[in-house]
Structures are given as C-alpha cells and as structure tokens.
Amino acid sequence: MNLQGTKRKITYVASYEAFAFLFGTLGFFSFSDSSLERAGALAVFGSLFAVSWNFAYNALFERWEAKRTTRGRGFGRRVLHAVGFEVGFLAVLLPAAAWWLEISYLHSFALNLGLNIFFLVYTFVFTWCFDRVFGLPASAATPASP
C-alpha cells in the first residue's frame, strides 16, 4: 500500500500519537508525584502540541528531503529526522511539565530527557515500520525508471 500526501501525514500523526499518548501518560505518572489525572492532562497537552508539531515538522523535513540528491531514508537520515523532532518537542514540553507538575526545571529536564530518549527510539522504530507498511513518501522514493 502506497500512501502519499496529506492522507499519509494524517495517518502517520494519528497512529503515532495514539501510542505516544499512552506512553506519555504512563511516563509522567510513573516518574513524578503527580496524580494520574494531572499526568494525563499533561499528556493531552503534549499530544495536542505533538500533533501540530509532527505535521509541521514532517512537512518541513520532507521539503528539505526532496531537495537532496540522495534519495531514500538511510540510517543517518532517519536519525536526523528523529533527533530534530525530539529537540523541537523538548523546547516546549520542558517548561510546560515543570509548571504543570509543579516540579523543578532540573526534575522536568530529567523526566523529559528520559521520555525523549524513549521517544527518540520510538520515533525511529515507528517511522521505519510505518514506511514498511505504507511505502516511502514521494520525497524519499526512488524515481521510477522511464
């Protein structure tokens, strides 16, 4: 099945975030003194932000990727994709988590670092699996021979 364009992005984001919400809630709850409700509310915020960031980031990444002479998504490009997403996400979630969970920025950093390491691996594996199921996006696909 080859999925492209907006349908691809929506499918990617929706399926990615369904799992991310579950993992985020469990992570915030397990590694803070917050209630499940507060952890879940932060995970909702994180998911809502991640949906918009994910859509925007992937659009920007694919625009950049389409300009590369080397096609495909090798290990290095996948690492770049995952790291870029997580760095942008951390810049927003770190202060939000400190405020909402009433924890120090250092505790928030440690909590977010742990979640980012998890999500870095998750993003890499999820995107690889997604590409295997739905095919590469047009920006990374090898052009068909005439």
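1. The charged end of Arg-38 lies over the ring of Trp-100, at 4.1 Å from the ring centre; a charge is taken to sit over a ring if NZ of Lys or CZ of Arg is within 6 Å of the ring centre and within 35 degrees of the ring normal. This is a predicted model, in which local features need pLDDT of at least 70 and side-chain atom pairs count only at pLDDT 80 or more, while totals for chains, interfaces and linings use all residues. Residues are numbered from 1 along each chain as its sequence is written, and side-chain values use heavy atoms, with hydrogens and water left out.

2. Searching the whole structure gives 21 aromatic pairs, where rings of Phe, Tyr and Trp (its six-membered ring) pair if their centres lie within 6.5 Å, and planes under 30 degrees apart count as stacked, over 60 as edge-to-face and the rest as tilted. One of the pairs is that of Tyr-12 and Tyr-16, which is stacked, with 5.9 Å from centre to centre and 15 degrees between the planes. Both residues belong to helix H1 (residues 5–30), where Tyr-12 and Tyr-16 are four residues apart, about one turn of the helix; helices are DSSP runs (H or I, at least four residues), numbered from the N terminus. Tyr-12 and Tyr-16 are both buried, that is, under 20% relative accessible area, whereas exposed means over 50% and partly exposed lies in between (1.4 Å probe, protein chains only).

3. Why is the pair of Phe-126 and Phe-130 stacked? The ring centres of Phe-126 and Phe-130 are 6.1 Å apart and the planes are at 25 degrees, so the pair counts as stacked. Because Phe-126 and Phe-130 are four residues apart in helix H4 (residues 105–134), about one helical turn separates them. Phe-126 is buried at a relative accessible area of 12%, and Phe-130 is buried at 4%.

4. Asn-112 is also placed in helix H4 and is buried, with a relative accessible area of 1%. Neighbours within four places in sequence aside, Asn-112 is in contact (heavy atoms within 4.5 Å) with Leu-90, Leu-93, Leu-94 and Ala-97.

5. Ala-50, in helix H2 (residues 36–66), is buried with a relative accessible area of 3%. With neighbours within four places in sequence left aside, Ala-50 is in contact with Glu-17, Phe-85 and Phe-89. The C-alpha atoms of Ala-50 and Ser-15 are separated by 12 Å, the two residues being 35 residues apart along the chain.

6. Val-87 has its place in helix H3 (residues 75–100) and, at 53% relative accessibility, counts as exposed.

Conventions. Helix = DSSP H or I, 4+ residues; strand = E, 2+ residues; numbered from the N terminus.
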